[in-house]
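Here is a short tour for a first look. Please keep the sequence and the 3D view open while reading.

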Amino acid sequence: MDPFIDSPRVRSDSMSSSASQGSRTKVLLRQRLSQLMTCIEDMSSDDEASEEVSRSLEEAFHLCERFIPTDAFRLHMVTWNVATAEPPEDVTSLLQLDVQPPTDLYVIGLQEVNATPIRFISDLLAEDSWSHVFMDTLAPRGFVKVKSIRMQGLLLLVFAKQIHLPYIRNIQTTYTRTGIFGYWGNKGGVSVRFSFYGHMVCFLNCHLAAHVNYALQRVDEIEYILETQDFDIIDTPQVRDHKVVFWFGDLNFRIADHGLHFLRSSINSGRLNLLWGKDQLTMMKKKEPFLQEFEEGPLNFKPTYKFDRNSDTYDTSTPKTWLGFNGKKRKPAWTDRILWRIKPKAPPSEDDDDDDDEKASTSTDDGLNEYPLLVTQDKYTSDMSYGVSDHKPVIATFSLELRKCFDTPLVHVSPLGVWSADHDALLNYTVQEDFMSSTWDWIGLYKVGFKSASDYETFVWVREDELPEINEVIQISVDKDEIPLLGGQYVLGYFSTNMQSIIGLSASFQILESKRAVMEGLVPENINGLN
């Protein structure tokens, strides 16, 4: 069975919580067009018919416009329990870098990253090895780390194409411990939320309780995480308030009842469908209403746990029990999963009558109606080529079709004149829309291919004495001693402290090589055409 076989595309939208509700709009559209035909056939007066036809056509086209987003973005997600291993040298297969259409966002959730006390402290002082390998791979291709959050072995990384940075705003993170009665972070969940072109999205990476007998505890843990994680955002104070939530990680749900021989036989013969009915997460979704709100693509890939390291062979070890006797081999399971949830449409008020309900179904006053978000899963699979862990990584790719709530950066920033370390340089910035600016905001100078907002060559504070007016052009000087001597291609980025993101980015520009670079021996001196 090909591990990269494409699964059927699974689509959902922000107008409904199920496919049946999503199809309701098509019914409404057909009704309006049917009314149009009835008007043409029944109206005796041409003027009356014309007026009715015009009104029905307007409503029909309004429906079409409302449910056809104008922009599409590609999201690539990875979840992987790395079992304290060091990263492989090459992660290009995991990231599928050359896929078409190109990826816009990468979201990578890891579990069991090495978190021994010494290692964890060193990772707090500098980026961990897994973050480094992903940044080193993605940065040359124009991706910037938007945000990361670490809770012991749980790590969540979000990368975006540089062009999208000014439209990713209000970034916040949080975490929840569920290990050892909620006091230990070896289990739990970490989240990153942000506004993407005005659409509120949240990514939740979890590592839930292990072992086959703890399915109910896993359900309790995710429910607790969803109810207790909160953000300092008025419109989306909790995870499920977001327009779309991606829930993923080592969820640790196992395959119940079936014996080891039947499991392996079904897997080896490619009859994975025989195991779906006993998958604990599938079973729990039938019982728990809050889990039914989450969607998942078909499990058309082999269970991703448990493997002998550096092999495609399921567990052959004989673990010891606490008394020293030989234990049982771990049974294969789909422990590693990626699900998503579209925010359900709010039910109509009890005070609304039938006429009001009909108006509500065609209204665009609601933010969900006016700016829909369609989520289509294009691929859901695992990558069997990686063997550093006893888990195989799981990959999901999505198309996010949406209508942008805005397409203008909050701040316009640009260099002035020629930049070189031989003299002070100038830059301009202009606030184009009102936002919660701060005198702690700053403008960074970034070399093209930079890895994160903190990967600047130098920075300058914005005007300190008072906050700028809208469309006011403000000029700032950059000391020549802070400008790179060797020059190269650079960009300027305005970083908002309150939004925790780059909200304005200049076009790339050239910094000329300084004469001081030759004097200080950084480059060989050119004499009569010879170095």
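## Terms and overview

A residue counts as buried under 20% relative accessible area, as exposed over 50%, and as partly exposed in between. By that cut-off G142, at 23% relative accessibility, is partly exposed.

The model is predicted. The protein chain has 531 residues, and 50% of them count as buried. Its secondary structure comes to 14 helices and 21 strands. The chain exposes about 25,400 Å². Carbon and sulfur atoms supply 51% of that area. Consider the contacts in the chain with a separation of 6 or more: residues 24 or more positions apart account for 72% of them.

## Around G142

G142 sits in the loop between α6 and β4 (143–151). Which residues does G142 contact, leaving aside its neighbours within four places in sequence? They are A160, K161 and Q162.

G142 can also be placed relative to G449. The two are 307 residues apart in sequence. In space, their C-alpha atoms are 5.7 Å apart.

## Salt bridges across the chain

Side chains of opposite charge can pair when their charged atoms come close. How many salt bridges does the structure hold? There are 9.

One of them joins D136 and K451, whose closest N and O atoms are 2.6 Å apart. D136 belongs to helix α6 (residues 129–138), while K451 lies in the loop between β16 (442–447) and β17 (458–461), so the pair ties together parts that are 315 residues apart in sequence. D136 counts as partly exposed because its relative accessibility is 40%. K451, at 29%, is partly exposed as well.

R337 forms a salt bridge with D279, with 2.9 Å between the closest N and O atoms. This pair links distant parts of the chain, 58 residues apart. R337 is in strand β10 (residues 336–342), and D279 is in the loop between α9 (273–276) and α10 (280–287). A network of salt bridges links D279, E296 and R337.

R341 pairs with E293 in another salt bridge, and their closest N and O atoms are 2.7 Å apart. R341 is in strand β10, and E293 is in the loop between α11 (289–292) and β10. The two are 48 residues apart, and again distant parts of the chain are linked. R341 has a relative accessible area of 5% and is buried. E293 has 25% and is partly exposed.

## One face of helix α10

Q280, L281, M284 and K285 are buried in α10. Why can they be said to line one face of the helix? Seen down the axis of α10, the buried residues fall within an arc of 140°, so they line one face. Their cover includes α7 (215–228), β9 (244–250), α11 and β10.

## Nonpolar cores

In soluble globular proteins, nonpolar side chains tend to be buried together. The largest nonpolar core here has 59 residues. F203, F246 and F398 touch the most other members. Strand β12 (residues 394–402) gives the most to this core, with 5 residues.

Take F203 and leave aside its neighbours within four places in sequence. Its contacts include L75, M77, V107, L156, F246 and F248. Among the others are V190, S191, V192 and F194. A second, separate core has 27 residues, including L427, V431, L492 and A517.

## Aromatic pairs

A pair of aromatic rings is described by the distance of the centres and the angle of the planes. A search of the whole structure finds 25 aromatic pairs. One is F459 with W461: the ring centres are 5.3 Å apart and the planes are at 90°, so the pair is edge-to-face.

F459 is partly exposed, at 30% relative accessible area. W461 is partly exposed as well, at 34%. Both rings belong to one aromatic cluster, formed by W440, W442, Y456, F459, W461 and F495.

Conventions:
Residues numbered from 1 in each chain as written. Predicted model: local features only at pLDDT ≥ 70, side-chain atom pairs only at ≥ 80, totals over all residues. Heavy atoms only, no water. Salt bridge = Lys/Arg side-chain N within 4 Å of Asp/Glu carboxyl O. Helix = DSSP H or I, 4+ residues; strand = E, 2+ residues; numbered from the N terminus. Buried < 20%, exposed > 50% of the residue type's maximum accessible area, 1.4 Å probe, protein only. Arc of directions from axis to C-beta. Contact = heavy atoms within 4.5 Å. Core = buried A, V, L, I, M, F, W, Y, C linked by side-chain atoms within 4.5 Å. Areas by Shrake-Rupley, 256 points an atom, 1.4 Å probe, with all protein chains shown as cover. Phe/Tyr/Trp six-rings, centres within 6.5 Å; stacked < 30°, edge-to-face > 60°.
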